[in-house]
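Hi,

Here is the structure I promised to pass on.

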Amino acid sequence: KDAFILEGGNGLKPGVAIVADSTWNSISAANKLKVQWDDGANANQSSDNIAKEAADRAKQSGFGAGNSADGKTIEAAYNFPYLSHATLEPQNTTAWFKPDGTLEIWSPSQSPGNIPRAVGAFGASNVVVHLTRSGGGFGRRLQSDFATEAAAIAQKVPGVPVKLTWTREQDIGSDVYRPAGWHFFKGQVTDDGKIANWSDYFVPVQGGAFNNNEFSSLRVQSAQPIQTGVPTGAWRAPNDNANFWATQSFLDELAHAAGRDPLDFRVELLAQDRINSYDAARMTNVVKLAAEKAGWGKKLPKGQGMGLAFTFSHRGYVCIVAEVTVSKAGDLKVDKMTAGVDIGGVVNLSSAENQVQGGMIDGLGSAWFPQITIAKGQPEQTNFDEYQLIRVPDAPPTDVHFVKGDYSVSPTGLGEPALPPSAPAVCNAIFAATGKRIRTLPFATEDLKWS
């Protein structure tokens, strides 16, 4: 029925709008449309260039652990990629400019209160927002770009409702990604199995951040973010989702370098370190609870292993123990994941278990398979054949145990805290099974063969 250019501005991305009498017709027309695009200032941006800049910054920083008279010194670089939210329902909104100047909007938004401000430039005298159910959010629907786009198109075709539907390729290609990042660690352990010192030089990509709230003994220096032009935004368990994978994995490296049991090493550190941002006793309880319920310490043949990790994320205490099997050919099977959790008093147990199970599987899947890589200023992955999500055969059994909390203490949220420990727990278990350390995500790209 119509096709026109949207110039962009006021939160609207520039592009070409296709208006048709069905979603299929509009998509078919868009596929036939010939558009000459201006690739913009970031046309030469690539993941390789970003990684090189991160490594150069770390080399030039000179930041690192001090010297110890005895023991071992280890260094390790960890990096994690951009991730798409990949909500199963692509972004969409219906907008209708009424003759009286009212703009009526139906949108699956996580922040409906922001929509009137986002569409304010289109001249509506009144904005009415109807919040619909959404097929996944995870931080993506905090943005209002899809609602803004629908309103801009509806302004051009007033008097009728306009239903905007993005294709999967548009959804992934126009996402605000989980930021990528690099951690450059140096650590020293003494001959009697203690941490002498450890440090982390963190290089974030724009939008990335890391607030170390694990140990006072971990010295952290954050570089200025690398500016890339790649849009980034909130992604489930913001900041914690990948940063704790790095710190908890390197902590496991220190335990093995010290010749210590990873569980005992962590419990001792919790007892001796100065921790200002959370209650070390509560964390110790969840670590011991998860280890006990998982049967930590049992003898396993080579190719099988157990690993653990704990995080204080969004005010929740969670420890996860993972048990894995890796075949000699390098095929990974996550056999089981066991969680110990303390969020204060739990009222609705089944709902709380559901939140933890979902977080565990989401954290595992997002570290195992997907990544967004950039080449020539564009994401290389555009659909689920290239951006793989975890599927039912890969999802392990889960076991969730709560510390009986003090009901006089307000419970915390539970949508975020169980996600961050999943990836390091599994990676630490892979090391226990094979002797191979995962320092790059996703670990599906790593060679896990052993002999």
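**Strand 9 and its surroundings**

F202 in strand 9 is the bridge partner of H183. A quick word on the ground rules: this is a predicted model, where local features need pLDDT of at least 70 and side-chain atom pairs count only at pLDDT 80 or more, while totals for chains, interfaces and linings use all residues. Residues are numbered from 1 along each chain as its sequence is written, and side-chain values use heavy atoms, with hydrogens and water left out.

Strand 8 (residues 181-189) pairs with strand 9 in the antiparallel sense, over 9 bridges. Helices (H or I, at least four residues) and strands (E, at least two) are DSSP runs numbered from the N terminus, and two strands pair if DSSP finds at least two bridges between them. The hairpin of strand 8 and strand 9 has 5 residues between the strands, and G193 there takes a positive phi near 85 degrees. Strand 9 also runs parallel to strand 10 (residues 218-222), joined by 5 bridges; W198 has L218 as its bridge partner in strand 10.

Strand 9 (residues 195-204) is mostly covered, with 9 of its 10 residues buried. Buried means under 20% relative accessible area, exposed over 50%, and partly exposed in between (1.4 Å probe, protein chains only).

**Aromatic pairs**

The whole structure holds 15 aromatic pairs. Rings of Phe, Tyr and Trp (its six-membered ring) pair if their centres lie within 6.5 Å; planes under 30 degrees apart count as stacked, over 60 as edge-to-face and the rest as tilted. W198 and F215 have ring centres 6.0 Å apart and planes at 50 degrees, so this pair is tilted. W198 sits in strand 9 and F215 in the loop between strand 9 and strand 10, 17 residues apart. W198 counts as buried because its relative accessibility is 0%, and F215 is buried too, at 2%.

W198 and F250 make a stacked pair, 6.4 Å centre to centre with 20 degrees between the planes. F250 lies in helix 6 and W198 in strand 9, so the pair ties together parts that are 52 residues apart in sequence.

**Cores**

What about the nonpolar cores? The largest has 82 residues, and those with the most contacts inside it are F215, V287 and F443. Helix 6 (residues 240-257) gives the most to this core, with 9 residues. A nonpolar core here is a set of buried Ala, Val, Leu, Ile, Met, Phe, Trp, Tyr and Cys residues joined through side-chain atoms within 4.5 Å. A second, separate core of 24 residues includes L83, A223, V230 and L419.

An open sheet of 4 strands has the order 6-5-4-7, with mixed pairing. Strand 6 and strand 7 (162-165) are at the edges with a single partner strand each, so one side of each has no neighbour in the sheet. Strand 4 (residues 92-97) and strand 5 (residues 102-107) run antiparallel, joined by 4 bridges, and T94 stands opposite W106 in strand 5.

R133 is in the loop between strand 6 (126-131) and helix 4 (145-156). Is R133 buried or exposed? At 80% relative accessibility, R133 counts as exposed. Leaving out residues up to four places away in sequence, R133 touches E89 and P108 (contact means heavy atoms within 4.5 Å).

Cheers
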